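Take a walk through this protein one stop at a time. Keep the sequence and the model side by side as you read.

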Amino acid sequence: MSSSGDHQRLIIIGSGPAGLTAAIYAARAELAPLCIEGIESGGQLMQTTEIENFPGFPQGLMGPELMINFREQAERFGTSFVTDDVSEVDLAATPKVVKVGDRTWTADAVIVSTGATARMIGLESEAKLLGHGVSTCATCDGYFFRDKELIVVGGGDSAMEEATFLTKFASKVTIVHRRDEYRASKIMLDRARANDKVEFIEWAGVTEVLDDGTGAVTGVTLTDTRTGEERRLDCQGVFVAIGHDPNTKLFRGVLDTDENGYIRTQAPSTRTNLDGVFACGDVQDHEYRQAITAAGSGCAAALDAERYLASIGDLPDPSIDADRDEADHVTGSKPAVAVRVS
Ligand SMILES: Cc1cc2nc3c(=O)[nH]c(=O)nc-3n(C[C@H](O)[C@H](O)[C@H](O)COP(=O)(O)OP(=O)(O)OC[C@H]3O[C@@H](n4cnc5c(N)ncnc54)[C@H](O)[C@@H]3O)c2cc1C
């Protein structure tokens with residue numbers, strides 16, 4: 001059975017650096033936002049260990065600690081939280097409809113900050129050693145691998161870019177690719193090939209990440225993709241660079257996305273193609289993908305949402321229409337609140 005939640009001025013979907021920064025700004029603007037933070041509260045940084053590049057923390061801090069700080073700051077100014085995944089939305093309706101299972105909320109504005117998920121090889125050992133030698137982000141973690149031997153898995157532009165970047169720190173970087181043809185552009189491939197520290201192993205896949213009981217990466221098992229033959233390659237780090245998937249399944253067909261599924265925003269703003277719907281963080285950024293850039297765009301989204309809410313004026317008390325409109329909130333089939341006072 002459906003049960004109706006209340007009406008909100010602003011709902012924020014997601015609680016990574018983008019969503020929680022939006023929440024801090026919106027809460028301080030007295031919008032009392034509701035943040036539906038997802039089952040993975042805190043986002044991608046909850047999966048990692050040390051963060052050394054977030055400004056304001058000269059000694060660095062652990063990813064989960066940073067995200068707990070973000071959340072406490074958002075809560076302090078009046079953000080409410082629901083720790084679950086949004087299951088359905090109707091963002092074209094007025095007001096907008098957001099559902100979590102059988103609970104339904106309506107909102108005048110929505111900020112989407114559902115992030116992106118790095119594709120992984122899919123090995124148990126890879127997941128276990130994430131943050132302990134396995135990484136999906138050279139910009140984030142390259143600095144920790146000074147004078148180490150590294151593997152980059154992938155054959156696209158990002159694999160070439162990450163490998164080239166990692167040679168600043170590593171003594172050697174081996175690109176492991178399943179074929180001898182590359183999706184990478186010629187210029188990126190040539191640049192990696194011209195780098196003395198970069199080696200290539202083709203026709204091979206990583207089928208195990210090894211730690212030899214140390215709790216940190218010590219090597220990988222490589223399997224020949226043609227013969228199935230296995231061999232060990234020693235290394236101290238594995239960078240998986242096989243792409244990211246933006247978390248936009250919920251919004252497919254409603255919000256404009258690019259060919260890779262990232263939400264399109266009307267730069268320099270965070271506006272989407274729908275009035276009152278804003279997007280920030282990795283869900284709309286395949287270029288930078290950093291905590292600080294996500295936080296920056298979260299700030300912009302809150303300011304954009306605040307301006308939008310001011311432009312439409314205050315809503316009448318939604319409880320007056322709540323009974324009549326409950327069915328519409330659930331289906332989102334027609335506007336539940338038709339009259340605005342501007
Ligand atoms: C292992 C690792 C290490 C990293 N290290 C660094 C680093 O050192 N420095 C740095 O700057 N960056 C680092 N990054 C990158 C950084 O984490 C991201 O750029 C940043 O987290 C993006 O923030 P975001 O808010 O856009 O999205 P995310 O952090 O991805 O958060 C997305 C949020 O949306 C929620 N969500 C998703 N779907 C739903 C739904 N249906 N309903 C409700 N909520 C939903 C999730 O639960 C999550 O809370 C690292 C990333 C990884 C994976």
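Cysteine 140 is partly exposed, because its relative accessibility is 29%, and a residue counts as buried only under 20%. Keep in mind that this is a predicted model. Cysteine 140 has a bonded partner, cysteine 137. The two sulfur atoms sit 2.0 Å apart, and they form a disulfide. A disulfide is a covalent bond between the sulfur atoms of two cysteines. The link between cysteine 137 and cysteine 140 is right-handed, with 70 degrees about the S-S bond. Is cysteine 137 buried or exposed? Cysteine 137 has 15% relative accessibility, so it counts as buried. The structure holds 1 disulfide.

Now turn to other cysteines. A disulfide needs the two sulfur atoms within 2.5 Å. Cysteine 35 has a relative accessible area of 0%, so it is buried.

Next comes a histidine. Where is histidine 177? Look in the loop between β12 (172-176) and α6 (186-193). Histidine 177 is buried, because its relative accessibility is 6%. Which residues does histidine 177 touch, leaving out those up to four places away in sequence? They are Gly154, Gly155, Tyr182, Ile201, Glu202, Trp203 and Ala204.

Move on to a strand. Strand β6 covers residues 88-90, and glutamate 88 is found in it. The relative accessible area of glutamate 88 is 43%, so this residue is partly exposed. Glutamate 88 is in contact with Val97, Val98, Lys99 and Leu250, with neighbours within four places in sequence left aside. Valine 100 is 12 residues from glutamate 88 along the chain. The C-alpha atoms of glutamate 88 and valine 100 are separated by 6.9 Å.

Helix α7 runs over residues 291-312, 22 residues in total. At 1.5 Å a residue, α7 should span 32 Å. What follows α7? Glycine 313 does, and its phi is positive, near 75 degrees.

Finally, step back to the whole protein. It has 8 helices and 19 strands. Its C-alpha trace spans about 70 × 40 × 40 Å along the principal axes. Of the 342 residues, 49% are buried. Consider contacts with a separation of 6 or more: residues 24 or more positions apart account for 61% of them. The protein exposes about 16600 Å², and carbon and sulfur atoms supply 48% of that area.

Note on methods
Residues are numbered from 1 along each chain as its sequence is written. This is a predicted model: local features need pLDDT of at least 70, side-chain atom pairs count only at pLDDT 80 or more; totals for chains, interfaces and linings use all residues. Side-chain values use heavy atoms; hydrogens and water are left out. Helices (H or I, at least four residues) and strands (E, at least two) are DSSP runs, numbered from the N terminus. The expected span of a helix is 1.5 Å times one less than its number of residues. Buried means under 20% relative accessible area, exposed over 50%, partly exposed in between (1.4 Å probe, protein chains only). Contact means heavy atoms within 4.5 Å. Accessible areas come from the Shrake-Rupley method with a 1.4 Å probe; for residues, only the protein chains shown count as cover.
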